[in-house]
Amino acid sequence: MIPTPHIQVDKKGIIAETVLLPGDPLRAKFIAETFLKDVIQFNSVRNAFGYTGTYNGKKISVMGTGMGMPSIGIYSYELIHFYDVKNLIRVGSCGALQENLKLYDIIIGMAASTNSNFQSQYDLPGYLAPTASWKLLKKAVDIAEKKKTEIHVGNIFSSDIFYDDNPDSWKKWAKMGVLAVEMEAAALYMNAARANVNALCILTVSDSLVTHEVTTSEERQKSFTKMMEIALELA
Ligand code: HPA
């Protein structure tokens, strides 16, 4: 079934086996223009811009997913099941839930806890712990160590709610050692697990629920580049 309802590519091989997934489609455009060579644009349906190019000679794609689990659930499903994508790497931002985490820190989601109902579709006789691909996680940690880039690896929280009626509910996740909140990783990890492909979520801290600090756009750009250098080398 290609093209799919949300990706206008009618041939296999246009989208690389490894796809970087920022939430913001304009981020996808920026990544393609800034870091990739020989770029072609493969998607603009609903402005979910997608591009394929090369990084250090290796083919890699980048596509915006939109915000939230239903949105990344759709794009990642179509990429995996109809375009044979094997490595899906979310590059996003998050809110820190722990005091030791500072703005612009880089966090890798080893697992993604969630308040979403996404996993009810699998009708499991219990609860799945959505986790990153060990292969990608190990590789990302090795790359960061080699570059001497400080990272934090641990549990993250994928929330369905940005404007929460209970503004303190995040504290319960913080008590369980969860590092940060974002809104997509759990669905990505579940789609990847179900299809036996690899997924990873790399985040930079854009705000802190503990200190209420928020980033400036100039500083965001610098930390973003450090995160991208790790993500791009995963191709
Ligand atoms: N909450 C949810 N998602 C986020 C946040 C946040 O504070 N910051 C960046 N993504």
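Where is Pro-3 found? Pro-3 sits in the segment before strand E1 (18–21), and the peptide bond that joins Ile-2 to Pro-3 is cis, with omega near -5 degrees. Most residues other than glycine have a negative phi, and most peptide bonds are trans.

Before we go further, a word on the ground rules. This is a predicted model, in which local features need pLDDT of at least 70 and side-chain atom pairs count only at pLDDT 80 or more, while totals for chains, interfaces and linings use all residues. Residues are numbered from 1 along each chain as its sequence is written, and side-chain values use heavy atoms, with hydrogens and water left out.

Let us start with the whole chain. It holds six helices and nine strands (DSSP runs numbered from the N terminus, with H or I of at least four residues for helices and E of at least two for strands). The radius of gyration is 17 Å, close to the 18 Å that the globule rule gives for 235 residues, so the chain is as compact as a globular protein of that length. Here the radius is taken over C-alpha atoms, and the rule is 2.2 Å times the number of residues to the power 0.38. Along its principal axes, the C-alpha trace spans about 45 × 45 × 30 Å.

Of the 235 residues, 53% count as buried (under 20% relative accessible area, with exposed meaning over 50% and partly exposed in between, for a 1.4 Å probe and protein chains only). Among contacts (heavy atoms within 4.5 Å) with a separation of 6 or more, 76% are between residues 24 or more positions apart.

Now step inside. The largest nonpolar core has 72 residues, and Ile-7, Ile-15, Met-63, Leu-79, Ile-107, Leu-200 and Ile-202 touch the most other members. Such a core is a set of buried Ala, Val, Leu, Ile, Met, Phe, Trp, Tyr and Cys residues joined through side-chain atoms within 4.5 Å. Apart from this core lies another, of six residues, among them Leu-97, Trp-170, Ala-174 and Val-181. Leaving aside neighbours within four places in sequence, Leu-200 is in contact with residues including Leu-88, Ile-108, Leu-136, Leu-188, Tyr-189 and Leu-234.

Gln-119 lies in the loop between strand E6 (106–114) and helix H3 (134–147) and is itself buried, with a relative accessible area of 14%.

Finally, a look at the backbone. After H5 comes Asn-196, whose phi is positive, near 55 degrees. Arg-46 has a positive phi of about 55 degrees although it is not a glycine; Arg-46 belongs to the loop between strand E2 (37–43) and strand E3 (50–55). With a relative accessible area of 70%, Arg-46 is exposed. Lys-148, not a glycine either, has a positive phi of about 55 degrees and is placed in the loop between H3 and strand E7 (151–158). Lys-148 is exposed, with a relative accessible area of 76%.
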